[in-house]
Amino acid sequence: MSPANHPFLRELQKIVSLQFQLSTRETDSYEALRRLLSKYLQELMDRDFHRLLLLLYRVDISEQRLRQLLKKNPEKDAAGLIADLVLERQLEKIKTRRETGRRDNNISDEERW
């Protein structure tokens, strides 16, 4: 499936918009969303590194995984790599919520709390 047809694009746009306070209206594809997020993360790296760290903590990006990724790819754009991690983590959360919702729907009313 091409990134433009990403099944969770709308949910990712909403999450990025809320968590990073970015307007995602112009992002009509996964790649456009990735570019927007990458540009914002680069600005934070340049101007407000402490805020970047706080956002990554809030989004639940593994510091160890981030360090490993940056160390293995020193020639690649760090902001782009971080954007990939952020979007990947958000996708994991979306899928977990959907799976949990499906499991909860299979529980009888007597067994629910």
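These legends describe close-up views of a predicted model of one protein chain.

**View 1. Five helices make up the secondary structure of the protein chain.** The chain has zero strands. Read along the sequence, its pattern is α-α-α-α-α. The chain holds 113 residues, and 35% of them count as buried. Take the contacts between residues at least 6 apart in sequence: 58% of these join residues at least 24 apart. The chain exposes about 8100 Å². Carbon and sulfur atoms supply 49% of that area.

View 2. In soluble globular proteins, nonpolar side chains tend to be buried together.

View 3. What does Leu-37 contact beyond its neighbours within four places in sequence? Its partners are Val-16, Phe-20, Leu-22, Ala-83, Val-86 and Leu-87.

**View 4. Gln-13 is a buried residue of the chain.** Gln-13 sits in helix H1. Its relative accessible area is 7%, which is under the 20% limit, so Gln-13 counts as buried. Leaving out residues up to four places away in sequence, Gln-13 touches Thr-24, Thr-27, Asp-28 and Leu-33. Thr-27 lies 14 residues from Gln-13 along the chain. The C-alpha atoms of this pair are separated by 7.8 Å.

**View 5. The largest pocket holds about 280 Å³ of space.** It is lined by 13 residues. Which lining residues are the closest to the pocket centre? They are Phe-49, Leu-53, Leu-56, Glu-63 and Leu-66. H3, H4 and H5 each supply at least two residues of the lining. The largest share, five residues, comes from H3. By class, the lining has eleven nonpolar and two charged residues.

**View 6. Gln-21 has a positive phi.** Most residues other than glycine have a negative phi. Gln-21 is not a glycine, yet its phi is near 50 degrees. Where is Gln-21 found? It is in the loop between helix H1 (9-20) and helix H2 (30-47). Is Gln-21 buried or exposed? Its relative accessibility is 65%, which is over the 50% limit, so Gln-21 counts as exposed.

**View 7. Asp-60 also has a positive phi.** The value for Asp-60 is about 75 degrees, although this residue is not a glycine. Asp-60 is placed in the loop between helix H3 (49-59) and helix H4 (63-72). Its relative accessibility is 43%, between the 20% and 50% limits, so Asp-60 counts as partly exposed.

How values were computed. Residues numbered from 1 in each chain as written. Predicted model: local features only at pLDDT ≥ 70, side-chain atom pairs only at ≥ 80, totals over all residues. Heavy atoms only, no water. Helix = DSSP H or I, 4+ residues; strand = E, 2+ residues; numbered from the N terminus. Buried < 20%, exposed > 50% of the residue type's maximum accessible area, 1.4 Å probe, protein only. Contact = heavy atoms within 4.5 Å. Areas by Shrake-Rupley, 256 points an atom, 1.4 Å probe, with all protein chains shown as cover. 1 Å grid on protein atoms, 1.4 Å probe; cavity = no way out; pocket = protein on both sides within 12 Å on 5 of 7 lines; lining within 4 Å. Points joined across faces, edges and corners; volume = space filled by probe spheres on them. Nonpolar A, V, L, I, M, F, W, Y, C, P; charged D, E, K, R; others polar.
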